[in-house]
Amino acid sequence: LLHVATVLGEWMDQVTLIGGIVPSLLVPPSELPDGVEAHPGTTDLDLGLQLSVLTQEGYATISQLLRQAGYRPMEKEEDKIRRQTWRTDPALGPVVTIDFLIARSPLHPPTRRLQNLEPDFAALIADGFDAEVVVVEPTGSETQLFARVAGQEVAAVFRERHDFVPG
């Protein structure tokens with residue numbers, strides 16, 4: 001995550017981190033049993049692109065920054081690529097994988113799965129899901145939200161204000 005945030009710089013304000021795991025936030029290293037090493041976390045993450053905020057120039061800038069850092073669309077079998085999944089070159093070190101997601105535009109039919117952004121850059125269209133808001137906690141410049149999705153508790157941080165109501 002830190003590497004991607006560094007690469008994207010100010011453009012991180014235009015994307016939403018959806019996936020990736022940081023084990024030290026779940027189990028502090030000080031609470032690990034003796035002899036157990038801390039898990040380094042995952043090297044894959046999901047970035048949500050904001051359909052209504054980014055322009056074609058914005059998508060081009062994001063893809064250019066990623067290319068300059070060694071990211072490329074992931075190759076599949078038979079010379080096909082997954083334009084919505086980018087990764088670093090394994091020859092350069094640990095592989096970092098990014099899946100791009102975007103909300104469905106009202107203009108696109110429900111059968112459409114990808115939003116084309118550039119010839120070799122796309123985002124998987126992610127339809128929303130139902131969540132029960134449990135706690136809303138404004139913390140100054142951000143708002144923390146705790147919710148229940150499919151019986152699982154989840155947490156989210158929003159940089160902007162929303163009118164979330166528990167229930």
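Visitor: Is Asp120 buried, exposed or partly exposed?

Guide: Asp120 has a relative accessible area of 22%. Because buried requires a value under 20% and exposed a value over 50%, Asp120 is partly exposed. Please note that the model is a predicted one.

Visitor: With which side chain does Asp120 meet in a salt bridge?

Guide: Side chains of opposite charge can pair when their charged atoms come close. Here the partner of Asp120 is Arg67, at 2.7 Å from N to O. The pair links distant parts of the chain, 53 residues apart: Asp120 sits in the loop between S6 and strand S7, and Arg67 in helix H3. Arg67 is partly exposed, at 26% relative accessibility.

Visitor: How many salt bridges does a search of the whole structure find?

Guide: The search finds three. One of them joins the side chains of Glu132 and Arg148, at 3.3 Å from N to O. Glu132 belongs to strand S8 and Arg148 to strand S9, so this pair ties together parts 16 residues apart in sequence. Both are partly exposed, Glu132 at 37% and Arg148 at 31%.

Visitor: Where is Gln115 placed, and what is its relative accessible area?

Guide: Gln115 is in strand S6 and is buried, at 12%. Beyond its neighbours within four places in sequence, Gln115 contacts Ile102, His108, Ala122, Ala123 and Ile125.

How values were computed: Residues numbered from 1 in each chain as written. Predicted model: local features only at pLDDT ≥ 70, side-chain atom pairs only at ≥ 80, totals over all residues. Heavy atoms only, no water. Helix = DSSP H or I, 4+ residues; strand = E, 2+ residues; numbered from the N terminus. Buried < 20%, exposed > 50% of the residue type's maximum accessible area, 1.4 Å probe, protein only. Contact = heavy atoms within 4.5 Å. Salt bridge = Lys/Arg side-chain N within 4 Å of Asp/Glu carboxyl O.
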